[in-house]
Each structure stands twice: as structure tokens, then as C-alpha cells.
Amino acid sequence: MKRITLFFILFFVLTNVVAKDVRIGLFYRSNPKTITVEYNVGRYTFFSEVSYYKTLSNKSDKVIFKAYNNKVKAYLNGNKIGENIWFRLDRNTDLNSLKISDGKIKRPYEGSLIVYSINGKLKVVNEISIDKYVEGVIKGEAGYGYGLEYYKVQAVISRTYALHHQKHKKEGFDLCDHTHCQVYKGVNTNKKIAKAVTQTSEEVIVDSSINYINTLFHSNCGGHTVTTDMVWSKKLPCMESVKDTFCINSSQAKWKKTISKTSWVSFLSKKTGKSVSYLQSKSLDFNQYTRQEYYKIGSVKVRLVDIRKNYRLKSTYFSVHDIGDKIVLIGRGYGHGVGLCQEGGIVMSKTYDYKQILHFYYQNISIMTINKVEYYKLF
Ligand SMILES: [Zn+2]
Ligand SMILES: [Zn+2]
């Protein structure tokens, strides 16, 4: 009996290849009180918790939603149709789209739409297949002009990020459309991005316990990536330090900054409690032949991440040159240095495939489809 049940679960999971949906909070930063929704492509069923209203299929169909405390007032083609807790425009297929505007920006969005209100502010939620969402994210975050293989890297990373970080569950959706989560600006029309998403459909990165990993990335590692404990406090799995020769000639590989010695010494003094005269008596030179966690002069040490934050440096991978009344920093890379190095990945993608790139920057990982991950999680 048990074996039969197991067989049916297995059969269901493996045959029921239903695309995974995600819920995205739109206009997250603008917090609109009113939005306008215009019919664009396909057919939409329009209903609320109390009524069915119409199937939207005409170019002239337009719905206005206005927040009213914890309710929403809806106007269909100029006529008020109700004041309800939520309204929903349900897509017929994934390719259906609506043009949605908060009064400032109007964009087409594929997928379904749910509108509700919290304290007089509209919550505008786009329910969409994860692959369509990922297309929109790549358009918003990476932009155009990259090769197919690199877009595949971005597709798997963005998809995994979406499932690892579901920061807005309490508000009724998974992710917002802002940099707080991943920038998402609706429908993608770039064919290369669409192809990269389709060719990696539903693929995600998991660790050895089949958990979605935190797919951290940065612009350029300067030749060496770092572990998470060098930047934050906790060491995360799958993010080991690797030597990267792919990025060292890219645009963000090198930087230089000059700081007055007075400022440098006063900062060190505040951080360590040592007197300015003591610090001035020391040589402040420092080198990182391999990446270090601390800037050290004798017994004095300061975390490199604190120096980076204070002086808004491009990275923590720099040497310090004590020259008269100036301090010259010669640096490498841009960003925190953990996980995928984007500029290295771009160079790699000319000769390696996306899986090899992901396995190079993330360690002890598996790349598998969401269905397979969910199947393993049953046991
Ligand atoms: Zn967010
Ligand atoms: Zn790199």
C-alpha cells in the first residue's frame, strides 16, 4: 500500500510539470493609492471575493483601482463596480498581458493581477510563472548586450534567488520589484534573454541538503573571491574563496584612491582607541598578496570591511601606501567579492558553458529543476 502511494506521488510530481508561480509586489517604492489597468493581450477573467464582473478582451477595457482604507474601489470603463477587500484579473495563459500604471510609469506585465489595500495604500501583486518573472529580472538587472551563455548564468541565479529570498510573505507576496529584492519591470521583449530562460527552464541551484542557495554575486572580485565570514559574520556553504584569473583585465579590475593622512589616522584612532601620535609614529603601509580580513599595523588591526564602508571604497582588496601627508590606496575589484564574479563570468562565458561557470564560483552545488527539488523534499 505504501509503495503504491509512493508511486502515485512520484507519478504526480514527475508528470505534473506545472510551471511554478511567484507573486511580485509591483510599484513597491511608490506605494500608489490609485492604479490604472488597461487590457493588452489575451483574455482576463475579472472577479473579486463577492462577484464575477467580466472577461476582459477589448482594447478599450480599462479598470481603475483606488485604495480606501483596507478596501479597494474599482471602476470598470468609468463605472464604479464595487468596494471590496480584493480584486483579481486572472490570465488565460502565461502570454496574456495588461498595461499597468501608477500615474507616473505605465508598463506591460504578463501574468495575473491581484489588488488589495493596506492602510490606504494599494498592494499590486503580479502572479506570474517563475520563468517569465526571471526574463523580466534579467532585463531589469543585467540589461542588454551580453552573450546567451552569460544570460543563462543570470537566469539560474535570479530564479534561485527568488526561491531562497521570499522577504514579503507577511505582506501577501514573495518578492518586490525594487532593488530590495530584484529589479523587475514587466515584460521582456529581448529574444536572447527569452532563449536563455527557456533553455534553463525551472533550473535552480541547491546545496547538498537540497536547499536553494543564497546566490550572492558582485561586479569584479579583483582576482580572488572571498568567503561570507570575511564580509559579514557567518560562513555560508557553497561560497568558498576561489582564484579568478578571468576578471583581472575587465573594466572594474583596478582602482586607486588618495586620502589625507590626517583623515586616515583619525579614523584608525577612533576605531582602535590608539592615540593619533602613536599611529603617526608607525609605518601605515600594508599589502594583500592574498585577500585578508584585517588591515594590520603592528598589533593594531581594523576590519577591511569597516574601512571600505567608511571611505566608500570599491572593494576591500587594496594595498596602503604611506606617502608623506597622503595615503594612496591601490585596489582591485568592485563589490563584496562573494559568490559569482560577474565580469569573470562574462569572460568565462566565451569558452565555458553556464553550468561550468556556476560550478566554478559556487562549490558543492547541484543544478536541478524546481520539480525535482520539490520531489526530493517530499522524503
Ligand atoms: Zn523586496
Ligand atoms: Zn573575478
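**Overview of the chain**

Among contacts in the protein chain between residues at least 6 apart in sequence, 67% join residues at least 24 apart; two residues are in contact if their C-beta atoms, placed from the backbone, lie within 7 Å. This is a predicted model, in which local features need pLDDT of at least 70 and side-chain atom pairs count only at pLDDT 80 or more, while totals for chains, interfaces and linings use all residues. Residues are numbered from 1 along each chain as its sequence is written, and chains are lettered from A and ligands numbered from 1 in the order in which they are written.

**Composition and extent**

- The protein chain has 10 helices and 22 strands, both being DSSP runs numbered from the N terminus (helices: H or I, at least four residues; strands: E, at least two).
- Along the principal axes, the C-alpha atoms of the protein chain fill a box of roughly 80 × 55 × 40 Å.
- Of the 379 residues of the protein chain, 39% count as buried; a residue is buried if 20 or more other C-beta atoms lie within 10 Å of its own, exposed if 12 or fewer, and partly exposed in between, with C-beta atoms placed from the backbone.

**An open sheet and its helix**

- Three strands form an open sheet of 3 strands in the order 16-20-19, with antiparallel pairing; two strands pair if DSSP finds at least two bridges between them.
- Its edge strands, strand 16 (254–260) and strand 19 (318–323), each pair on one side only.
- From one strand to the next, the twist averages 20°.
- Strand 19 and strand 20 (residues 326–332) run antiparallel and are joined by 6 bridges.
- Phe318 stands opposite Gly331 in strand 20.
- Helix 5 (residues 261–272) lies across strand 16 and strand 20, running at about 85° to strand 16; axes are lines fitted to C-alpha atoms, for helices over the stretch in contact, and angles run from 0 to 180 degrees between N-to-C directions.

**Packing of helix 2 on helix 3**

- Two packed helices are described by the angle between their axes and the distance between the axes.
- The axes of helix 2 (residues 130–141) and helix 3 (residues 148–164) cross at roughly 120° and come within 9 Å.
- Helix 2 is therefore oblique to helix 3 (angles under 35 degrees count as roughly parallel, over 145 as roughly antiparallel, 65 to 115 as roughly perpendicular and the rest as oblique).
- On the helix 2 side, Ile130, Tyr133, Val134, Val137 and Ile138 meet Tyr151, Gln154, Ala155, Ser158, Arg159 and Ala162 in helix 3.
- The residues of this contact divide into 8 nonpolar, 2 polar and 1 charged (Ala, Val, Leu, Ile, Met, Phe, Trp, Tyr, Cys and Pro count as nonpolar, Asp, Glu, Lys and Arg as charged, and the others, Gly among them, as polar).

**Loop residues**

- Phe27, in the loop between strand 1 (21–26) and strand 2 (34–41), has a positive phi of about 50° although it is not a glycine.
- Phe27 counts as buried because it has 22 C-beta neighbours inside 10 Å.
- Glu202, in the loop between helix 4 (191–199) and strand 14 (203–206), has a positive phi of about 60° and is likewise not a glycine.
- Glu202 counts as buried because it has 20 C-beta neighbours inside 10 Å.
- Glu240 lies in the loop between strand 15 (217–218) and strand 16, and is partly exposed because 15 other C-beta atoms lie within 10 Å.
- Not counting residues up to four places away in sequence, Glu240 touches Thr227 and Gln363.
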